[in-house]
Amino acid sequence: MRGAWNGRGVKESMLSAVDVAAPALAGGARDVVKSLFDRYVVPTYGRFDLVMSHGSGSEVWDVNGRRYLDLGGGIAVCSLGHAHPEVAATLAQQAQRLVHVSNLYYHEPQGRLAESLVGLMGGAGKVFFANSGAESNEGLFKLARRFGHHHPGEEGPRYEVISTLNSFHGRTLGGIAATGQEKVKAGFGPMLDGFRCDVPFNDLEAMRAAVGPRTAALLIEGIQGEGGITAASVEYLLGLRRLCDEKNILLMVDAVQCGHFRTGCFQSYQRVLSDALGEEEAGRFAPDAVSMAKSLGGGFPMGAFWVAPQWADLLGPGSHGTTYGGTPLGCAVALKVLEIIQRDHLPDHARETGQWLHAQIAALADAYPHVVQGARGLGFMLGMELVAAEKIPGLAAAAGTRPASLQCVDRLHEAGLLTIPSGTQIVRLLPALNLPRAQAEEGMEIIRKVVRALA
Ligand SMILES: *Cc1c(COP(=O)(O)O)cnc(C)c1O
């Protein structure tokens, strides 16, 4: 096995832009890899029966040499697809220069990336760098607690963070405490104190009623991702801002999945607001803090949170840290990813091609209403909502054991397409922002074929 991997030299794969002809692993490799996982990897994931080898753009090959079109984008991570030549070159160059220095020192890539992200957030505020979405959200929780200690209520320090039903905020203890889904908490109690996550999303009055004397912050996703692609409404966003101002609490947004231009705007709430109110009005709205990860590094593990200027120095020296956050390597890559997204007008592309995909899925719902209920989402954060498995002719037989989302994703795999299930009835499309239009069409053709077969 070792030889097979080494056979694909690092240099070679970095330097050739489209290295799709790399040999598949030797025969039987698929079973060998799977048995390694069975024996040595903690089985926290229910994995699909696919063993991946390499990719290029929005195409991925498994170890048997079979090609898949990837509309899952590593769950909204691979914002420029796989093995982007310029990103690979930046990785190689920065790796030869400086991979890591401690956050005890300064270095240019972190400063430059912070400057870019602050610019995208409207030009003010500051950024802290972490390594993942969950870790970025932990930073938000600590920010909220610091804020609550500096701005106590009548009953003393405030610390409570309120989030919403069907939210997802990561797998740390703080993250699962804030996540409004029972399945992530099962068997891990007691939950961390100071969280409440039972408030329905897009329900302003319920949120108003939930805020108490200990509340320090509200946390929402601009578009709920794991919860099934539900966008915040414009009334909700504006109402939460008013509520937070009135009660002097922080409005925090988890943009780990929906951010970084996925919807056509840097932040998904900007997309929602500018669609409804125009760009100028949208520019007046700002949360107090935003967490980021997934697309930020284009596949390189990277997280961050942005803090509005009035709270930007709450977390002072010694109050928070992380060994690997904001390394020269990660920041150089994230800067390159940002540069390419903007240079190649990918936000507009994601918006337009996303709109086309949305319309195609909506048309499928019209044509096959007993399979597809509707289209959800914005830009390249899309969901195809299925009807329940027991009501879909082609899926009913296995309805008891596997929900419609998983069964449909299985069928799409068989047809050569990667997508991401969400809950029991949603199939998500979270493609690379540079997905060519021809591949969007190819993906839709596969989806159409599979839906037709289920009908
Ligand atoms: C993926 C995700 C997270 C967790 O990010 P990790 O990098 O897996 O820790 C948090 N919030 C949202 C909205 C996510 O989609």
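Some ground rules before the details. Residue numbers start from 1 along each chain as its sequence is written. Since the model is predicted, local features need pLDDT of at least 70 and side-chain atom pairs count only at pLDDT 80 or more, while totals for chains, interfaces and linings use all residues; side-chain values use heavy atoms, with hydrogens and water left out.

The chain is split into domain 1 (12–70 + 345–454) and domain 2 (89–343), with bounds that come from an automatic or database domain assignment. Their C-alpha centres sit 27 Å apart. Counting contact as heavy atoms within 4.5 Å, 22 residues of domain 1 touch 25 residues of domain 2.

How much area do domain 1 and domain 2 bury between them? It comes to about 1,900 Å², with 57% of it on carbon and sulfur atoms. Buried area here is the accessible area (1.4 Å probe) that two parts lose on being put together, summed over both. On the domain 1 side, Arg351, Leu378 and Met381 supply 35% of the area buried against domain 2, more than any other three residues.

On the polar side, domain 1 and domain 2 share 15 residue pairs in polar contact, both residues being at pLDDT 80 or more. A polar contact is a pair of N or O atoms within 3.5 Å; within protein, one must be able to donate a hydrogen and the other to accept it, and residues adjacent in sequence count only if both atoms are side-chain atoms. The elements giving two or more residues to the domain 1 face are α14 (346–367), β13 (372–378), β14 (381–386) and β17 (426–429), and α14 gives the most, with five residues. Helices (H or I, at least four residues) and strands (E, at least two) are DSSP runs, numbered from the N terminus.

Two salt bridges cross the interface, and the structure holds 24 of them. The rule asks for a side-chain nitrogen of Lys or Arg within 4 Å of a carboxyl oxygen of Asp or Glu. Arginine 241 and aspartate 288 form another, with their closest N and O atoms 3.1 Å apart. Arginine 241 belongs to helix α10 (residues 234–247) and aspartate 288 to the loop between α12 (279–284) and β11 (289–292), so this pair ties together parts 47 residues apart in sequence.

**Around the ligand**

Residues with a heavy atom within 4 Å of the ligand include Ser132, Asn137, His169, Glu221 and Gln257.

| Residue | Protein atom | Ligand atom | Distance |
|---|---|---|---|
| Phenylalanine 168 | backbone N or O | nitrogen | 3.2 Å |
| Aspartate 254 | side-chain N or O | nitrogen | 2.7 Å |
| Lysine 294 | polar side-chain atom | oxygen | 2.7 Å |

Most residues other than glycine have a negative phi, and most peptide bonds are trans. The bond from glycine 189 to proline 190 is cis, with omega near -5°, and proline 190 is in the loop between α8 (173–178) and β6 (195–199). Histidine 260 has a positive phi, near 60°, and is placed in the loop between β10 (250–254) and α11 (268–277).
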